[in-house]
Amino acid sequence: MDFLLHEWLGTGELLTRERYAEHDRETVDDVLDLSEALATRWFAPHNRAADLNEPRMVDGRVEMIPEVGEALRAFGESDLLAATMDAGVGGLQLPRVVATACFAWFQAANIGTSAYAMLTRGNANLLLAHGTPGQVDTWVRPMVAGRFLGTMCLSEPDAGSSLADITTRAEPRPDGTHRLFGTKMWISGGDHELSENIVHLVLARVPGGPPGVKGLSLFLVPKHLLRPDGGVGERNDVVLAGLNHKMGYRGTTNAVLNFGEGAHTPGGEPGAVGELVGPLHGGLSCMFHMMNEARIGVGSGAAALGYTAYLKSLEYARTRLQGRPFADRDPSAPPVPIIRHPDVRRMLLTQKSWVEGAMALVLYCARLVDERETAPDPEARREAATLLDILTPVAKSWPSQWCTEANALAIQVHGGYGYTRDYDVEQHYRDNRLNPIHEGTHGIQGLDLLGRRVRAGG
Ligand SMILES: Cc1cc2nc3c(=O)[nH]c(=O)nc-3n(C[C@H](O)[C@H](O)[C@H](O)COP(=O)(O)OP(=O)(O)OC[C@H]3O[C@@H](n4cnc5c(N)ncnc54)[C@H](O)[C@@H]3O)c2cc1C
């Protein structure tokens, strides 16, 4: 990490820019150390417990092990959620490349618990970019303070890859709000009791708009409405219809949510109350703010899972004694650590090259975000924006594919033990297997890369 940040990606040069004037090498190292310490203390210890005790729906509410909430509270208190945000909203104004490296510690320690933080950060960043000052005050500040958590609600039972087929509808009301009706599927962090409120960002269709993605608008739909004094008030009509039972990432709840089915009628009127975010019928491009960030976040999660399993298999290979060197088969000689066998070294070095490459790619993309935002030369900003746009689907997909393969090799290095739940590597593999699927499947990233991004701007 030190090598990537300081030797390769020139974080020192970044820190000379006005936006980062509060920081130097020492503060960067401190915040990385803090991330390691928090991830080790609060996130890693319940990684297995969250996998073995997946969240359950009991009387319409979600029950899960308490350690998830405790870890998120510790994360909230650290201010790391707002690592890259402006000081004006309580942010630390750290470079994105540093924040991404910090967050990788949490993803490696516990991908399921860290997902709530990742979604909340992306949700808040979208509102900072496209929300009104009122929306920032009302919704971003409590998220930054760790009181509210956020989600992204795109998928529906019959509209996954094809967002053009979204049917959730939003009906305008005279007071400027909208009422939403429909079902969203696969919503990560979609319901839980981990926070005072949940801020859903929902793609929906306002009647009369054009068909396809050009008719999608973005709405902020809270689980609880707020009272005039800002306190958490009555239930909005967003209802947990069920939880999905997943192969991995089990600590992250994954919900089917019904909007406006009539379980609650805020103000005596049907429909879930939503506020428009950004322009009417301009919802997808606003949502892309969060999706692009989440795509790099998925890549970094995949790299982190690959990395941690690689380190565990390296440690195992150094201590597991088995067999003798090929050229010296004296059965009376003591067995050697398996790292001495060329095939095991092949599996370790293959993992190492994939996971280090993936982490480098993800941090390089994060560095491009910093360049796009703060490069002194406008031409350099434009160039960074173009390169980032093209690399985003690659940063999502390549680590998802090859770091899952790396996890398979980590299991292989452990032999039969790797196939049991006595070691972590089988869970890392199951967790990582999600990454080529969510946030746009592997195939959809390919279509995005060649069909849209490479051709954009001529
Ligand atoms: C654990 C988990 C968490 C998730 N979290 C969220 C979330 O928080 N918010 C949210 O909105 N969604 C979320 N999703 C939904 C996720 O983004 C979708 O599952 C994904 O986009 C694929 O949609 P689908 O499952 O309907 O598959 P489908 O769209 O039915 O795709 C099935 C297969 O067909 C392929 N395919 C589909 N269309 C095409 C095409 N045009 N060309 C080529 N191949 C195609 C796909 O690549 C895939 O291999 C989550 C999903 C999971 C499993």
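N432 touches A302, L305, G306, C403, T404 and N407, leaving aside residues up to four places away in sequence; contact means heavy atoms within 4.5 Å. N432 belongs to helix α12 (residues 425–432). Helices here are DSSP runs of H or I with at least four residues, strands are runs of E with at least two, and both are numbered from the N terminus. The relative accessible area of N432 is 0%, so N432 is buried (under 20% relative accessible area, with a 1.4 Å probe and protein chains only). The model is predicted: local features need pLDDT of at least 70, side-chain atom pairs count only at pLDDT 80 or more, and totals for chains, interfaces and linings use all residues. Residues are numbered from 1 along each chain as its sequence is written, and side-chain values use heavy atoms, without hydrogens and water.

L368 lies in helix α10 (residues 342–374). L368 is also buried, at 8% relative accessibility. L368 touches A384, L387, L388 and L391, again not counting residues up to four places away in sequence. L368 and L387 are 19 residues apart along the chain, and their C-alpha atoms are separated by 7.8 Å.

Conventions. Buried < 20%, exposed > 50% of the residue type's maximum accessible area, 1.4 Å probe, protein only.
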